Every structure is written in C-alpha cells, then in structure tokens.
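Subject: Handing over the structure

Dear colleague,

I am passing on the structure we spoke about, so that you can look at it yourself before reading my notes. Please open it first and keep it beside you as you read.

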Number of protein chains: 2
Amino acid sequence: MVLLSSFLVASATATMASAQGSLGTPFPNCASGLLAKNQVCNVTLSPPERAAALVAALTNDEKLQNIISKSKGASRIGLPAYNWWSEALHGVAYAPGTQFRKGQGEFNSSTSFPMPLLMAASFDDNLMEQIGEVIGIEGRAFGNGRYSGIDYWTPNVNPFKDPRWGRGSETPGEDVLRVKRYAKYMVKGLEGPGPERRVVATCKHYAANDFEDWNGATRHNFNAKVSLQDLAEYYLMPFQQCARDSRVGSIMCAYNAVNGVPSCANTYLMQTILREHWNWTDHSNYITSDCEAVQDVSLNHKYAKSNAEGTAMCFNAGMDTSCEYDSSSDIPGAWRQGLLKAGVVDQALKRLYEGLIRTGYFDGNTSTYANLGWDDVNKPKSQELSLQSAVGGMVLLKNDGALPLRLSKASKLAMIGFWADDAGDKLSGGYSGTPAYTHTPAWAARQLGYTIKTATGPVLEKGSASKWLASALTAARDADYILYFGGLDTSAAGETKDRMTIDWPTAQLDLLKQLGQLNKPIIVIQLGDQLDDTPLFDSANINAVLWANWPGQDGGPAVMQLLTGAKSPAGRLPVTQYPANYTSLVAMTDMSLRPSSGAKASPGRTYRWYPTPIRPFGFGLHYTTFTPTILNSSLTSDITLTTTNILAGCTSSHLDTCPLPPLPVSVRNTGNATSDYVVLAFIAGEHGPKPYPIKTLAAYTRLKDIKPGEQRDAKLEWTVGDIARHDEQGNTVLYPGTYEVLIDQPTRTAQRFVVSGPEMVLDKWPAPPQ
Amino acid sequence: MVLLSSFLVASATATMASAQGSLGTPFPNCASGLLAKNQVCNVTLSPPERAAALVAALTNDEKLQNIISKSKGASRIGLPAYNWWSEALHGVAYAPGTQFRKGQGEFNSSTSFPMPLLMAASFDDNLMEQIGEVIGIEGRAFGNGRYSGIDYWTPNVNPFKDPRWGRGSETPGEDVLRVKRYAKYMVKGLEGPGPERRVVATCKHYAANDFEDWNGATRHNFNAKVSLQDLAEYYLMPFQQCARDSRVGSIMCAYNAVNGVPSCANTYLMQTILREHWNWTDHSNYITSDCEAVQDVSLNHKYAKSNAEGTAMCFNAGMDTSCEYDSSSDIPGAWRQGLLKAGVVDQALKRLYEGLIRTGYFDGNTSTYANLGWDDVNKPKSQELSLQSAVGGMVLLKNDGALPLRLSKASKLAMIGFWADDAGDKLSGGYSGTPAYTHTPAWAARQLGYTIKTATGPVLEKGSASKWLASALTAARDADYILYFGGLDTSAAGETKDRMTIDWPTAQLDLLKQLGQLNKPIIVIQLGDQLDDTPLFDSANINAVLWANWPGQDGGPAVMQLLTGAKSPAGRLPVTQYPANYTSLVAMTDMSLRPSSGAKASPGRTYRWYPTPIRPFGFGLHYTTFTPTILNSSLTSDITLTTTNILAGCTSSHLDTCPLPPLPVSVRNTGNATSDYVVLAFIAGEHGPKPYPIKTLAAYTRLKDIKPGEQRDAKLEWTVGDIARHDEQGNTVLYPGTYEVLIDQPTRTAQRFVVSGPEMVLDKWPAPPQ
C-alpha cells in the first residue's frame with residue numbers, strides 16, 4: 001500500500017487535534033450498555049457464533065459501512081467504529097489506524113527495528129520471532145491504549161527479485177526459503193502462541209507485487225504475466241507459508257493483476273488457491289484489499305466497466321474489506337445495482353469480526369492481552385533486541401584487514417557522509433513510527449569516548465563532490481580513520497519509487513576518491529539498498545565495506561560495535577548484488593525467473609539463475625575463519641535412497657513438510673575472533689525439470705559465539721519440500737536424480753547423494769481457469 | 001473405422017480378379033536388386049538408422065505417396081507398395097490390406113474367435129494372451145503369404161459405456177481394469193515377446209469414440225466434451241496401458257473431436273499426453289488416422305477451412321499416416337500450400353517404416369517370423385482355443401435348475417430361433433474373416449446324437465410372431481426341451497449403427513410367449529448385445545437364460561457343452577444390463593460417467609455409478625455354489641497403514657504400477673459340479689473426491705476346474721493404481737480413507753481397511769492447453 005506524504009501530514013494534524021492523540025474510539029463494551037445484549041458478548045459461544053450474532057444485528061446500511069477499513073461501527077447497537085488499517089513493518093508505525101502522541105507522554109513512540117531486509121540478513125529464525133513478539137506486544141499495547149487498531153498490515157512477504165524495487169527492503173530478500181522462514185517466525189511472534197491472537201498479522205501483497213513504477217507501467221495498472229511454475233515455485237510460496245502453514249489472520253490482495261485478473265478480483269488466487277487449495281478457512285481469516293486497490297480494478301486495469309462493478313467483483317471473488325483512505329470503492333453503488341449480494345456481505349463481516357473476536361477485542365479485561373499497555377512499549381530488553389538485530393544483520397562485504405579497527409581512547413575518527421550524524425529518520429527506512437530515540441554512528445562513537453569530527457555528504461547528487469569536499473577534508477585531515485557513511489536513503493527508493501540505476505551516485509564516488517588521496521584507512525558503511533560496489537571493491541584506498549541497510553533506532557551503536565570488534569559481523573546478503581548493467585538487461589515487468597534467449601532475452605533473476613553477480617546471495621565476511629564439514633547422515637550416505645523411502649512414514653497432509661533427516665554439519669572456528677557463523681546449505685545437482693538452478697538454499701541455521709578453536713556441531717532441520725522442485729504446471733515434486741549439498745557461499749564443502757525411484761508429487765497445484 | 005458394405009463387395013470382386021487372391025506385392029527384396037543397395041537392408045544398423053536411410057532415398061513425390069494407408073512404395077528404389085490397413089479383431093478379417101482366397105487353397109480362412117466382449121467375459125488374462133498369439137501368428141502368416149499386411153488395426157479398447165453403442169461388442173466391456181488387462185494381454189499376444197514384432201497392433205480409437213450415430217450427431221462431426229477427470233479415469237486409461245505400459249506399435253486417432261479439437265488434429269491428445277506424458281516415443285511407434293478421419297476435420301468438424309489445411313493439421317499434430325480407401329486426405333494440396341513441411345513428412349515416414357523394420361519386413365528369411373505360413377493357420381489347437389474361449393465367456397443369467405439339461409441319447413430337442421442353425425455369419429459378429437467352418441448349435445446337437453427339430457425365428461421384427469409360429473410349434477411339439485436361440489444379430493447394431501432401444505424385439509417375445517403355452521422347459525440362448533431381459537427373468541415359463549454374445553466359429557458346440565453340463569458356465573457380464581428405460585434417461589452424447597441432477601440429469605453410467613441395473617457388471621451364475629473368504633494380508637490387517645508406507649520401496653517411475661501385497665482369497669466349491677470361478681475383488685469406501693463410486697473392480701482372477709468340496713487359494717495381483725482414484729484435474733491419487741474389499745457380484749464377503757497419511761499423487765495429469 002502507499003503512505004502518501006499528504007496523508008502523513010494530514011494525520012499528524014488530525015492527531016494533534018484529538019485528545020491526547022488517542023483515536024478516541026473505545027473497544028466494545030460488553031459489560032453493560034447496548035452491545036451487552038448481543039450474543040457477540042457471550043464468551044461461552046464459539047467465535048463463529050458470536051460473529052454471526054453481531055452481523056445478524058446489523059441493518060443493511062450498517063453492514064455496508066463496515067466492509068471498508070475505516071469502519072463506522074453501529075452506534076445503534078453499541079458497536080464502535082474501527083479502523084482496520086494499522087502498520088507495524090519493523091515496529092508500530094504511522095497509519096490511518098495508528099497514531100503517536102506528539103511530545104512526551106504515553107504512546108509517543110515505539111521500538112524501531114531494522115528494516116526486514118537487515119533482520120533477514122542475520123539468518124536467525126529465533127531472532128525474527130523475538131522481534132515479532134516485541135512488535136506484537138507493542139502493537140497490542142497501542143491498540144489497548146486506543147492509539148491503534150489491532151489489525152496490522154504486516155509482514156511484506158513478496159520475494160525481492162529485482163534490485164531496483166523501491167520496497168525491497170520491506171522484505172526479507174530474494175530467496176523463497178528465507179522469505180518463508182521470516183514469514184513463519186514473524187507471524188508467530190506477532191500473533192502469539194494462541195488461541196487468542198495478540199494482533200492480527202497480514203501477509204501482503206498477494207500476489208506478485210514487486211515493482212512500483214517502471215517504463216510507464218505502475219503497480220496500479222500492471223498485469224503480471226507469471227508462469228504456473230514461477231507462481232508456485234516463487235511468487236506464492238511465502239503466502240503458502242502464511243496461509244496454509246502459519247494460518248495467519250489476514251492476507252492483503254495486491255494492486256497489480258496476475259495473468260489478466262486484478263489480484264483483488266482474482267478468484268483463482270483468492271478462492272481456488274488460498275481458500276480451497278490451502279484450506280485457509282478456519283478461524284474465518286479475512287482478505288483486505290491493498291489501499292485503494294478496489295478502485296484500480298475499473299480505473300486502471302479497466303477490468304470492470306464501473307467502480308461499482310469492480311467493487312462487486314472484488315467482494316464476490318473473496319476480498320472481505322476494502323482498505324482505503326476515504327471511500328474509493330463504490331460499495332453503495334454495487335449494492336444498489338444488485339451486483340453485491342447480502343450473502344457475500346454477511347460472510348465478509350463474519351470473517352472480519354470473527355478475527356477481532358479471536359483477539360479478545362470484545363472481551364474487555366478478560367482478554368489474554370488486555371493488560372498490555374504503555375509499560376510494555378520501549379522496554380530495555382526490546383531496545384536491546386533492536387540493537388542486537390542490527391548488529392546481527394550487517395554484512396561485511398570487503399575487508400583488507402583494516403577491520404576491526406585497532407582503536408585506543410586517543411583514536412581520532414572522521415565520520416563523514418549524509419548519515420554519520422543524522423538525528424532525523426535516515427536510519428529508519430520506510431513504514432516507520434517514532435522511535436524513543438535514534439542513535440547515530442557519531443552518537444555511538446562519542447559514547448565510546450573517541451574523538452570524532454563529522455561532516456555530511458551527498459546522497460543522490462550527480463557530478464563532483466565539491467560542495468561537500470572542504471568540510472569533509474577538514475574532518476578527515478587529522479583522523480586516524482575515515483568512516484564514510486554513504487549509500488542510499490529513502491529518496492532513492494521506496495513506495496511508488498523504483499530505482500533506475502544501481503550505480504553508486506557519482507558525487508559520493510567523487511568524495512570517496514578525494515578522501516582516498518589522504519592515504520588514510522577508509523571504511524565505507526553503506527545505508528539502504530544494494531548498489532554495484534565494484535568501484536569500492538576495486539579501490540585500494542577503500543579498506544572495508546560494511547552493508548547496514550536501514551538499521552533502526554540503534555543503527556549507530558550497531559555499526560560501532562562491529563567496527564571496533566566488540567561484536568563480529570556474521571550477516572549474509574539476503575539478496576544478490578548485481579552488476580550495474582543488469583538494469584539494462586532485464587525489464588522490471590519481466591516476471592520470469594529463469595534465463596532466456598531471443599528477443600526478450602534475460603540473464604535470469606536471483607542467485608538461483610543469474611550466474612555472474614558482483615556478490616552472491618548468502619555472501620558475508622567474518623573477522624575469523626571457519627571450516628565447515630558435512631557429517632554423514634542417513635540421507636547423504638544411503639546408496640539406495642529412493643523417493644518413496646524418503647516419504648515413507650510421513651503422515652503430513654502436506655508432503656512438502658515431511659521432515660528429512662536433519663543435516664549434520666560441524667563447524668570449526670580456525671581464526672582468532674569469537675563470532676557467529678551462519679551455516680547455509682544449498683542444494684544443486686541434476687534432478688527435476690531443466691534448466692537446473694545453479695543452487696537453491698535448502699536449510700540454514702545461525703551458530704552463536706563460536707570461540708577460536710571451538711568445534712560446534714549443528715543439525716540443520718529441513719523438509720522434503722526444501723529439496724523438491726516445481727514442474728511447469730506448478731506441482732511440487734520430489735525428483736530422482738543427483739543432489740549436491742553445498743555449504744556456504746561460496747561453497748566451502750560439498751557432499752553428493754543420489755536419489756532413485758519415481759517422481760513423487762508433494763503438492764498438486766490447482767489448474768487455473770480454462 | 002468403417003467397413004462399408006460397398007467396400008466389402010468391391011474388395012471381394014477385386015480379390016477374385018487377382019492371382020490366387022494374393023495381394024501380389026512381395027515383401028522387400030534386400031538380398032538383391034534395387035533396394036539391396038540402401039542401408040535399410042543393413043541389419044547391423046539400428047532400426048532408426050535403417051529407417052532414416054530409406055526415407056533419405058525417397059523423392060518428395062514418393063514421400064507424399066507413402067503416408068497414406070495404401071502406400072505406393074517407390075519402384076524406382078525397389079520399395080514395394082504396402083497397405084497398412086489390415087484387420088484382425090477376433091481373427092484375421094477382411095480389410096483393404098487383407099484378402100482371403102476364394103474357394104479351396106491356402107489362405108482361404110482363418111480362426112474365428114468370439115467377439116472381444118465374450119472373450120472378456122471369461123475374465124481370464126492368460127486366455128486373452130493365447131488368443132492374441134493365435135491371431136498374431138495367423139496375421140503374420142497371412143502377411144508372409146502376402147494376403148495381408150502385418151499392421152493390424154486391432155484391438156478396440158474404447159470402454160463400452162453405453163449399452164446402445166453399435167460397436168460395443170468389439171470391446172472388452174465397460175470396466176477400465178478389464179479393458180486394460182485385455183489390452184495388455186491381447187497386445188502382448190499379437191506382437192509377441194520381442195524384440196521383433198510378430199505383427200504391429202493398433203490400439204483404437206483414440207479417444208472417447210463410443211457411439212456411432214445418435215439424434216443427429218455422428219462420430220464424424222461429434223465433439224465429445226469430456227472432463228479431465230473422466231478423460232484420465234476412464235476414456236484414456238486403456239490407451240495408457242497400450243502406450244505407456246505395453247508400448248504398442250501403433251495407435252489410431254478417432255473420428256470424433258475431444259473438447260473442441262478433432263482427435264486426429266489434437267496436439268493435446270497425441271503430443272502432450274501420448275508422446276510426452278506417456279513417453280510413447282521409443283521404437284518410433286506411429287499414429288494412423290481412423291479411415292477417412294482426416295477428411296472429417298474440414299468436411300464435418302469444420303475445424304479447417306480446406307481439406308488441405310485439415311490434412312496438414314493432422315500431420316502437424318502428430319498423426320503419421322492417413323488411413324483411407326482412396327485419397328480422401330489432401331496431402332498434395334497441404335504440401336503445395338506449404339502447410340505440410342518436409343520435417344514432419346520425414347518423421348512420419350521414419351516412424352512408419354521403423355515399425356515395419358522392427359517386424360523383420362525387410363529381413364527376408366532372417367526374420368524371426370519368416371517361417372510362419374499357411375500351416376500355422378487354423379491349427380487344431382487354435383480351433384480348440386476358439387471353442388474354449390466361447391465356453392469360458394458365456395454368462396448364465398437365469399437358471400431355475402433346468403440347467404444343465406438332463407439328457408439321454410433319446411432326448412428330443414427343439415432348436416428354435418434365427419441362429420439355431422444359421423450356417424452364415426450370424427455367430428461371427430463384426431470385423432470377421434472367413435472361418436474354416438461355422439458350427440451352429442444344431443450342428444453341435446446333431447454331433448452329440450440328439451434328435452432335434454429346428455425352426456428359424458424373427459430378429460428385429462415388431463408385432464406378432466405369427467409368421468414363425470407354425471414351424472416353431474411343429475418343432476417344439478414333441479420336444480423334451482425348447483432351446484430358443486434369439487437375441488440380436490448385426491442388423492441391430494454395428495459400425496455406423498447404434499441401437500435406439502434395448503428392449504427385446506416384440507416378435508421374439510411373442511414367439512417365446514406362444515412357446516411357453518406348451519409347458520415345456522425353455523432355455524433362451526441370447527446372441528448379440530445386452531437387452532433388458534426382465535420379460536425373460538419374470539416369466540415362469542422361461543427356465544434359464546444364457547448370454548452368448550457372438551461366440552465365433554465354434555459357438556454352437558460351446559453352447560451345447562454348457563447346456564449339457566459337459567462344461568460349467570463361469571463367465572461374468574463385462575457390461576451392465578440396464579433397464580429398458582435407460583435409453584430415455586441419458587443422451588448418448590453425454591460423456592459424463594457420474595450421476596447428475598438438474599436440466600441434464602443423468603442416473604450415471606456403468607456399474608460404478610448407476611445404482612439399479614437389471615443385472616450388474618460382474619454378474620454370472622454357476623452350476624455349483626462357491627464360498628469365497630478373504631484371508632488376512634499385510635494390507636487389510638495393518639491398522640497403521642499409511643499412504644506413504646504403501647509406496648515405500650517402490651521404484652517404478654509410474655507409481656500407479658507399484659504392486660500392492662497380493663490379496664489372498666480362498667474359495668470353496670460347496671456344490672456338486674466342477675466349475676471355474678472368477679474371483680472379482682471390488683473396492684468401495686470413502687476415500688478421494690466425492691461422489692464416491694458404488695464400487696470399482698480392483699483385481700480379479702479365474703480359478704479353473706474347482707472340484708466339489710475343493711478349497712482353492714488364490715493371490716490376486718493388484719497395484720496401487722487399482723485402489724487409487726482421479727481428481728478433477730485428472731491426477732491419479734492414492735487417498736487416505738476407508739476402503740472395503742468386496743468379493744463377487746453381488747458381494748459374498750467383504751473386508752475393511754483404513755489408510756491414513758497424506759494424499760499421494762501417483763500420476764500428474766498434463767494440463768490441457770489454456
């Protein structure tokens with residue numbers, strides 16, 4: 001969805017006008033008053049019965065007013081207004097349904113975590129769940145305090161396949177397994193262990209929404225032409241995790257069309273796949289539109305003759321509520337024209353309110369989560385977690401030995417660049433709230449007692465760095481080290497805005513070149529999305545490069561902990577770093593993953609298919625050296641392994657989730673620093689349909705604090721689905737053939753096994769409408 | 001295909017004009033002469049290399065003259081003319097490529113077996129293979145003698161789903177398993193054990209060709225609308241057996257269209273399913289059109305604008321030769337217009353001639369089958385087999401104890417009815433040759449020394465039997481028994497002619513009624529297709545009914561062996577006997593198997609779906625009583641049986657062929673006659689998609705000569721596919737759920753087992769073109 005800057009201003013104004021900044025609408029009163037008489041308040045009934053009782057009490061007009069995000073409720077029966085649209089991508093954030101008190105006082109801030117791309121770079125599932133839990137707790141606290149709803153439009157699980165995508169850092173990267181695991185642990189953390197949901201999480205954007213605006217196409221009018229193979233193997237996999245496996249409370253349908261049908265009017269996506277194939281029907285989960293997406297159906301996709309018709313199409317196809325700023329759908333028109341029927345409206349309302357019932361929204365103090373409040377926001381432990389996640393995710397891309405810095409209290413640091421000491425929102429990235437504080441790198445260096453000089457720098461500016469040069473040279477002249485804080489901010493890329501280039505901005509390169517003349521060690525710490533770092537890698541004057549993405553409220557201390565060696569870098573790239581010319585080789589609108597030749601030639605997308613990256617997915621340097629070894633297991637040492645025997649004994653109704661024997665890997669720290677180590681296990685080999693991918697991530701884990709000389713054993717959990725492939729009809733299949741397990745990126749050790757036997761279909765993909 | 005009566009006359013005339021009736025065209029001479037120089041004669045090369053060498057030597061004009069059934073060869077290089085169209089449905093038969101010498105001498109006759117429907121009623125796989133072998137040997141002998149080609153358009157494996165179909169008796173009945181097994185053993189018998197093929201068999205008609213002419217629709221213009229589920233589960237299953245599992249040499253594409261595309265121009269059927277999914281590409285198997293079907297594409301289906309275009313469409317879709325009387329395709333036109341390309345023609349020729357190379361056609365006396373000749377035709381053992389198969393297939397439908405007849409040498413028999421002593425072709429059915437003899441029931445009775453009187457009777461005549469009554473009564477007056485030989489002949493049903501009613505012809509019923517007045521035992525022996533036998537079953541005057549279909553050259557002795565008790569009946573109905581009103585309930589053009597309600601309501605088709613037959617599929621009485629018992633097995637007694645464990649250890653690339661633990665059944669003969677017993681094992685229960693079939697045949701075997709008091713154990717072989725079902729996309733799936741094994745029809749004993757675990761896809765069905 002879009003957070004228009006005009007909205008942000010408007011909402012800030014509105015907030016200041018309201019009492020204490022609160023939304024002013026209470027949770028329902030089931031203890032007394034009008035609503036108490038309705039069976040929705042009867043906690044001895046099942047949630048579906050309670051929801052049905054509520055919906056039955058509404059008049060037609062009231063019903064039609066409650067299937068948009070800004071629901072009016074029904075004062076006649078005591079049902080309060082409610083805005084379903086809240087946001088919490090990496091902490092409770094601004095949204096029409098979420099406000100922050102201005103100034104001091106309760107609910108004026110929330111914990112700001114790194115952007116999901118940096119969270120994901122840690123390859124630490126447990127960390128994701130912890131972050132999700134903090135965000136869920138703070139989100140529910142904001143809801144209980146009536147500064148927010150308790151339905152949050154997060155996480156964003158569209159795989160980040162094109163480096164130019166403006167919203168890629170909202171996601172956990174380009175790899176399907178990584179995205180699935182992020183979705184699993186983030187949703188689990190957000191919604192809690194159940195049965196009551198802490199908040200309702202929303203996996204978005206369903207489906208294939210991964211660019212903003214390119215060459216005349218925008219997400220509002222784009223028809224993503226996606227093969228069944230790519231759809232099942234890549235674009236929908238994260239949603240399978242959310243819906244089928246994690247039973248998430250809500251899904252958001254996307255702006256774009258998929259294979260001719262706008263996502264929010266797409267029966268194949270919402271009914272055939274989501275609700276039927278994935279059986280996403282328990283707990284009456286609901287589908288919200290992306291915000292204003294309903295209007296796109298007629299206005300931009302021209303799929304309906306009128307907004308009324310388009311609106312009806314969406315509800316009839318399975319969407320349950322229209323997210324919008326005001327009323328950009330035409331629900332009244334759809335109703336008047338008889339296109340929208342009572343049964344569909346009632347079902348939507350039941351799903352929506354059953355979702356709220358399952359959060360305890362109607363249960364007052366008896367709700368499991370009723371006691372969450374302002375005291376649960378910005379807890380020291382949560383703030384520590386934000387710092388820890390920033391440290392864990394940052395990726396060391398180059399190091400000639402300069403890092404960790406050998407500093408003493410007398411060391412002098414030049415901290416140069418646009419985000420070296422920016423106390424604004426540079427560290428936050430998109431979809432942010434107001435953090436309790438923002439600690440810049442300069443702030444952190446000062447805390448550590450170093451003598452520092454700072455100078456700002458260019459961001460996207462082209463041409464020379466002359467405008468910034470004098471102050472930069474002044475800062476650098478006496479320094480022992482030059483720490484350059486460059487890269488990109490959200491002016492380069494974000495919602496509605498894709499990048500046209502992945503080159504470093506020329507003014508920054510010029511500034512670095514000028515600083516290089518000083519012959520001092522230069523460390524580049526890179527904010528934002530990936531760039532082609534070749535000029536930095538090739539320059540002898542630049543000693544190290546650390547990628548920091550958007551690291552959140554403690555991004556400064558996180559950087560300094562790594563540069564000083566207080567912590568060791570162990571993050572891995574969750575995306576491929578492409579060469580700059582990649583943007584001229586592939587159209588953003590080309591949805592194919594596999595390489596192709598001919599008129600629409602493509603070199604392929606993601607590390608699975610694109611062979612010559614600058615730095616591959618999974619890459620990351622350490623301050624020490626590790627030697628991984630694959631131990632023997634029943635999988636890799638069974639010379640008579642067959643597909644049928646791999647599945648024998650599994651009773652899961654989803655065969656792709658059948659466990660494989662855990663992969664035993666032993667890792668020795670053969671260097672001199674204590675460090676985490678991410679074990680990445682890829683699968684390659686000749687099995688399944690051609691072309692064969694270069695490799696595919698099949699398992700990973702993060703081992704913590706391995707000491708020099710220590711040998712640590714790990715057993716990587718994986719499933720049959722992790723070594724399966726998809727055929728051209730989208731079926732998930734376990735194929736006979738040769739398999740290679742490749743450890744690390746680049747490969748450090750490998751083991752081969754051979755699977756014989758027949759092809760085994762793990763998941764039959766539903767055929768699209770004829 | 002059609003054997004027009006005009007053709008039969010014409011060919012008979014032509015034959016009489018040719019020397020000795022031989023076709024006059026020799027096999028190729030690879031020993032010397034023009035062809036000997038071509039590498040097609042080099043037996044050290046592989047068949048594909050030999051075929052390629054031959055095709056490379058042909059001019060364009062020659063090539064175009066050899067992709068029709070009546071191939072001209074190429075005299076320039078010594079390639080003889082060859083007619084690919086020979087027939088051998090139940091013995092070598094008349095066809096444009098097959099001639100019989102008139103009068104005495106070599107190749108004036110062939111062994112005539114019962115029609116396949118009666119063969120199939122024996123449920124005796126080994127018998128099918130023996131029959132196939134005899135037909136293959138005689139077919140090759142006719143070929144070697146140049147009275148025939150060695151490519152035979154047989155077997156007919158379209159499942160016989162509608163009782164009205166004129167060609168149903170060419171098939172082994174309505175049940176898929178029965179058809180598959182027939183196809184398997186018949187093809188194996190015909191083509192031989194390999195590597196050389198005795199003859200090339202042709203499974204026909206691909207696909208969904210199972211009516212002739214109904215209510216304005218004919219097979220030449222009909223578009224069969226078939227669901228993927230019915231296609232995969234029913235209509236194509238026999239072809240899967242032929243192509244995928246039996247690697248038959250040839251397939252014939254049908255006249256009708258399937259889901260909008262004429263079968264012979266149907267890329268989905270011929271390329272996607274047949275050659276890709278079933279991998280029917282080894283040995284360069286070929287596809288022939290049904291005869292004149294190419295012309296239908298433009299003329300009747302209006303699928304092409306011209307015959308030239310339609311012709312090209314067929315070849316381009318994968319058909320390799322056009323079967324026709326003369327030249328009803330437009331190959332020259334397709335070529336001139338550039339619609340038919342050299343590559344396609346060459347591929348077709350290579351497939352066709354590689355097929356012949358693999359029969360030893362080019363190898364003179366070195367061919368495995370070169371020595372087969374007239375001495376191998378009509379062997380006593382083959383003739384005995386024909387008799388034995390007629391005995392084995394006949395089904396006792398009613399018996400009040402009158403059978404077996406208690407005869408002495410003094411017994412007097414009235415043998416009444418149109419086929420009691422018809423020495424013509426009444427016993428033969430469709431697609432017949434000239435048998436060495438035809439032994440009628442009266443002939444057999446005379447041989448046995450009984451005193452008989454005969455009278456003919458009506459066939460299809462309506463109204464009273466007055467015309468036949470006097471002679472019938474004369475014959476019956478002094479008789480001890482009245483044996484009534486009625487039913488239908490080929491004037492009721494056959495190629496191009498479906499039945500409009502399945503009632504008994506009224507003149508026959510009248511004759512039986514009049515004979516009933518005599519108060520003598522009446523035995524009805526019914527020729528031809530099933531009728532609603534209710535009037536016979538309900539009549540106390542009719543003591544027994546024996547269904548004899550078309551029993552072939554020894555049909556008379558077969559009947560008499562059963563009536564006298566020399567042999568015991570053990571055949572089972574291979575089709576459902578429907579009530580007469582069935583014909584008003586279901587359109588022949590309705591391809592759905594499952595029952596439906598609403599405007600196009602249907603009570604369902606075949607025993608799997610139709611609940612209230614007169615006599616069900618599998619029904620058949622004996623002269624003794626049998627008590628079957630299901631013994632325990634690892635399948636039926638494992639309380640933790642899972643789908644994954646059922647497949648464990650199987651390494652077949654076609655999971656439906658994975659063996660199940662054989663089903664142990666013990667059968668005791670508890671009566672007084674020695675008899676064969678067909679063990680039928682059906683599967684029922686709640687598993688897989690609704691609606692659930694009533695039951696499905698999953699295994700069977702025929703136990704021979706069980707003596708009174710004897711207990712015989714059998715282990716029924718079956719596979720996972722035999723208990724699997726098909727989903728709506730056509731996938732074959734092993735489902736968890738409850739299963740019941742039901743023995744016999746009606747059920748005599750049952751055992752239940754439960755399968756847990758996930759759904760396992762055994763075969764992914766290819767999606768049709770979007």
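What follows is a short account of what was found, taken one region at a time.

Please keep in mind from the start that this is a predicted model.

I begin with how the two chains are placed. Chain A can be laid on chain B by a turn of 180 degrees, with a shift of 0.0 Å along the axis and an RMSD of 0.0 Å, and that is the relation of a two-fold axis. As background, two copies of a chain are related by a rotation about an axis together with a shift along it.

Where the chains meet, 21 residues of chain A are in contact with 21 residues of chain B. On the side of chain A that touches chain B, helix 22 of chain A (residues 643-647) gives the most, with 3 residues, and that side divides into 13 polar, 7 nonpolar and 1 charged residues. Because 100% of the interface residues of chain A are also interface residues in chain B, the copies meet through the same surface.

The next region is one that a record also marks. UniProt, in an unreviewed entry, places the feature "domain: Fibronectin type III-like" at residues 677-747 of chain A. In the model, this span of chain A is 52% strand and 0% helix, and its end C-alpha atoms lie 14 Å apart.

Within that span you will find A:Val679, which, together with B:Val679, touches the most other members of the largest nonpolar core, a set of 481 residues. Leaving aside residues up to four places away in sequence, A:Val679 touches A:Pro628, A:Val665, A:Val667, A:Tyr700, A:Thr701, A:Leu703, A:Ala714, A:Leu716 and A:Ile743.

In chain B, strand 20 (residues 675-684) and strand 21 run antiparallel and are joined by 8 bridges, and B:Leu680 has B:Tyr700 in strand 21 as its bridge partner. Strand 21 of chain B (residues 696-706) is mostly covered, since 9 of its 11 residues are buried.

Finally, please look at A:Glu461, which lies in the loop between strand 14 (451-455) and helix 16 (466-477) of chain A. The C-alpha atoms of A:Glu461 and A:Gln508 are separated by 7.7 Å, although the two residues are 47 residues apart along the chain. Not counting residues up to four places away in sequence, A:Glu461 touches A:Pro505 and A:Ala507.

With best wishes

Methods: Residues numbered from 1 in each chain as written. Chains lettered and ligands numbered in written order. Predicted model: local features only at pLDDT ≥ 70, side-chain atom pairs only at ≥ 80, totals over all residues. Buried ≥ 20, exposed ≤ 12 C-beta atoms within 10 Å, placed from the backbone. Helix = DSSP H or I, 4+ residues; strand = E, 2+ residues; numbered from the N terminus. Pairing = 2+ DSSP bridges. UniProt positions renumbered as here; feature names shortened; annotations may be inferred. Least-squares fit on C-alpha atoms with pLDDT ≥ 70 in both. Contact = placed C-beta atoms within 7 Å. Core = buried A, V, L, I, M, F, W, Y, C linked by C-beta atoms within 7 Å. Nonpolar A, V, L, I, M, F, W, Y, C, P; charged D, E, K, R; others polar.
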